Amino acid sequence: MYLKSASIFERLLKQGRDQLQKVLKASKLPLAGATLPDKASLSLTKEIYWVMGNEAADLDSIVSSVSFAILKAHLNDSHSLTLPLINLPRDDINLRPEVLYVFEQCQLPHELLLFIDDPLVLEWEELTAKAGFKSNFILVDHNQLHSRFSDWNGVVKAIYDHHVDEAAHPNANPRVIRPVGSNTSLVVEWWKKQHVDPHQDILPDLALFMLAPILIDTVNLKGEYGRVTDLDVEVAGILRSLIISASFKGDDMYFKSIDDAKVSVSHMTPNQLLRRDFKLWTTPISNRRLGIASIVNWALRDWVDFHSQSPESNMIKFASLHNLDLLVVMGSKQYPSKDPCFRRDLYFYTPDHIVSDHLAKELPQMSELGLIPTSISTQPGFAFYDQSVVSASRKVTFPIFRDLLDEIPASKPQ
Ligand SMILES: [Mn+2]
């Protein structure tokens, strides 16, 4: 049995939490007047480096930071502790099913990760803000520390990125910024340059983990999309040769399964479904708040199938949370065995009965949408339709709803 990255990962994250707790305890947080940890207590700890990807926190960013940290831990560096920090609130990882899928494939327990809203991380932020304590960063997949971290007294020690150079942090060393297809390719390149023991390869499960963003970001290494570079191809070849997982059936299958996972929504809560791709506007004349949630790979009946409940209570909750005058939900789904195989439905909720009456009267007349009422709700304020013009996306529906809302004078005080 080969060593698993998961065991390095688990040890690293556990050690990270312990070290953070030690530093925080030494600084007497969260008591008022936090003090800088004294030398004695600090010498108990290794220096902490946060390795962090960009704000979009996509697969490439997350894999870059996690794999860099695992590889660094594998180097047995005894002076520092490099901890991956996920640039997301913890709950939002569920909005990235392809990321969860890749962690699962590689048997890495993503629950152990540190996210920006974890209590330990928030305490660290408080410590650095109050006590002038410095935070070391290694930036991956971006090259300018985001202003969100201005309270962290951030010192950017190193950068590995494939975006346009924003000329920030000139003292970072190394400062590798090169336009390759996937940032993860730069992490593998870094690993190769460490001249570690040639027998100390990247572990098989970590190779599988790192191959994922390289395939996704280069569209399966296909040249015609103009994303792939020689380094990506070379690195993908190295990683592929290290993978021993029986479930790995080659690039094409792996690429497709990650790509499929992207549109999988069955694990999401109703609230996550609604906010995953949600846009909010204020109408120019009537000054109403209009929100349209688009849900891919989702049909109205899935509410009942997945959540054993009708959508009404979820929609009322969501509309009130965002203070909406009108919530529109657009579902779309592929049915491989049906004709037509791509279908859309559209439904709305409004707490205002004048708006509800107006929409119920006008919407079925809109030939751009081809709405056919379905008799799914008898609750006031709701309407549910099949949308026969499947090409009409939110770009089409937004101006229709905006104009319909603006046809009714606002009834509430502005
Ligand atoms: Mn990237």
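Biologist: Which residues does proline 213 touch, not counting residues up to four places away in sequence?

Modeller: Proline 213 touches Leu59, Asp60, Val63, Ser182 and Thr184 when residues up to four places away in sequence are not counted, and two residues are in contact if their C-beta atoms, placed from the backbone, lie within 7 Å. Please keep in mind that this is a predicted model, in which local features need pLDDT of at least 70 and side-chain atom pairs count only at pLDDT 80 or more, while totals for chains, interfaces and linings use all residues. Residues are numbered from 1 along each chain as its sequence is written.

Biologist: Why is proline 213 called buried?

Modeller: A residue is buried if 20 or more other C-beta atoms lie within 10 Å of its own, exposed if 12 or fewer, and partly exposed in between, with C-beta atoms placed from the backbone. Proline 213 has 28 other C-beta atoms within 10 Å, and therefore it is buried. Proline 213 is found in helix H7, residues 204-217, where helices (H or I, at least four residues) and strands (E, at least two) are DSSP runs, numbered from the N terminus.

Biologist: What makes a group of residues a nonpolar core, and which helix gives the most to the largest one?

Modeller: A nonpolar core is a set of buried Ala, Val, Leu, Ile, Met, Phe, Trp, Tyr and Cys residues joined through C-beta atoms within 7 Å. The largest has 66 residues, and those with the most contacts inside it are Val51, Val102, Ala207, Phe209, Met210, Leu211 and Ala212. H7 gives the most to this core, with ten residues. Another core, of 32 residues, lies apart from it, and Met315, Leu324, Phe384 and Phe401 are among its members.

Biologist: Why is H1 called oblique to H5?

Modeller: Helix H1 (residues 5-26) and helix H5 (residues 119-131) pack at an angle of about 40°, with their axes 10 Å apart. Axes are lines fitted to C-alpha atoms, for helices over the stretch in contact, and angles run from 0 to 180 degrees between N-to-C directions. Angles under 35 degrees count as roughly parallel, over 145 as roughly antiparallel, 65 to 115 as roughly perpendicular and the rest as oblique, and so H1 is oblique to H5. In this contact, Arg17, Leu20 and Leu24 of H1 meet Leu120, Glu123, Trp124 and Leu127 of H5.

Biologist: Why do histidine 169 and asparagine 287 count as partly exposed?

Modeller: Histidine 169 has 19 C-beta neighbours inside 10 Å, so by the cut-offs given above it counts as partly exposed. Asparagine 287 has 13 such neighbours inside 10 Å, and therefore it also counts as partly exposed. Histidine 169 lies in the loop between S5 and S6, whereas asparagine 287 is in the loop between strand S7 (278-282) and strand S8 (289-296).

Biologist: How do you know which kind of peptide bond joins asparagine 173 and proline 174?

Modeller: Omega is about 0° there, and the bond joining asparagine 173 and proline 174 is a cis peptide bond. Proline 174 is found in the loop between strand S5 (154-161) and strand S6 (175-177).
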